[in-house]
Amino acid sequence: MQQILIMGILALVILIGGITYLGIAGAAIIYCLGGNGSPRNRRIFFGILGVLMIYAFVCVCIYLAKYGWPL
């Protein structure tokens, strides 16, 4: 029973973390593309950061699907 509880909590943390991660990356990309008054260099930095975050998330998902959870 304890094993199921630990796996459930771990799955919840990963799910919420993944959603938050993608939300932050999406916000960074939208911030980059937006026509706001922030300096251009900052928009470019956040755009690149957002793209890298999404790329890293996809790579982690592919790795976990291929090799499984490394516990």
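1. The secondary structure of this protein, which is a predicted model, comes to two helices and zero strands, where helices (H or I, at least four residues) and strands (E, at least two) are DSSP runs numbered from the N terminus. Residues are numbered from 1 along each chain as its sequence is written. Local features need pLDDT of at least 70 and side-chain atom pairs count only at pLDDT 80 or more, while totals for chains, interfaces and linings use all residues, and side-chain values use heavy atoms, with hydrogens and water left out.

2. Of the 71 residues in the protein, 11% are buried, a word that here stands for under 20% relative accessible area, with exposed meaning over 50% and partly exposed in between (1.4 Å probe, protein chains only). The accessible surface comes to about 5,800 Å², and 77% of that surface belongs to carbon and sulfur atoms; such areas come from the Shrake-Rupley method with a 1.4 Å probe, and for residues only the protein chains shown count as cover.

3. Phe57 lies in helix 2 (residues 40-67) and is partly exposed, with a relative accessible area of 25%. Apart from neighbours within four places in sequence, Phe57 is in contact (heavy atoms within 4.5 Å) with Gly18, Tyr21 and Leu22. Leu22 is 35 residues away from Phe57 along the chain, yet their C-alpha atoms are separated by 8.0 Å.

4. How many aromatic pairs does a search of the whole structure find? The search finds two, where rings of Phe, Tyr and Trp (its six-membered ring) pair if their centres lie within 6.5 Å, and planes under 30 degrees apart count as stacked, over 60 as edge-to-face and the rest as tilted. The rings of Tyr21 and Phe57 have centres 5.6 Å apart and planes at 35°, so this pair is tilted. The pair links distant parts of the chain, since Tyr21 belongs to helix 1 and Phe57 to helix 2, 36 residues apart. Tyr21 is partly exposed, at a relative accessible area of 27%.

5. The rings of Tyr63 and Tyr67 also form a tilted pair, because their centres are 5.0 Å apart and their planes are at 50°. These two residues are four apart in helix 2 and are therefore separated by about one helical turn. Tyr63 is partly exposed, with a relative accessible area of 44%, whereas Tyr67 is exposed, at 55%.

6. Ile14, Gly18, Ile19, Phe57, Val60, Cys61, Leu64 and Trp69 line the largest pocket. A pocket, on a 1 Å grid over the protein atoms alone, is an open set of points where a 1.4 Å probe fits, with protein on both sides within 12 Å along at least five of seven lines, and lining residues have an atom within 4 Å of a point. Helix 2 gives the most to this lining, with four residues, and helix 1 (2-33) and helix 2 each supply at least two.
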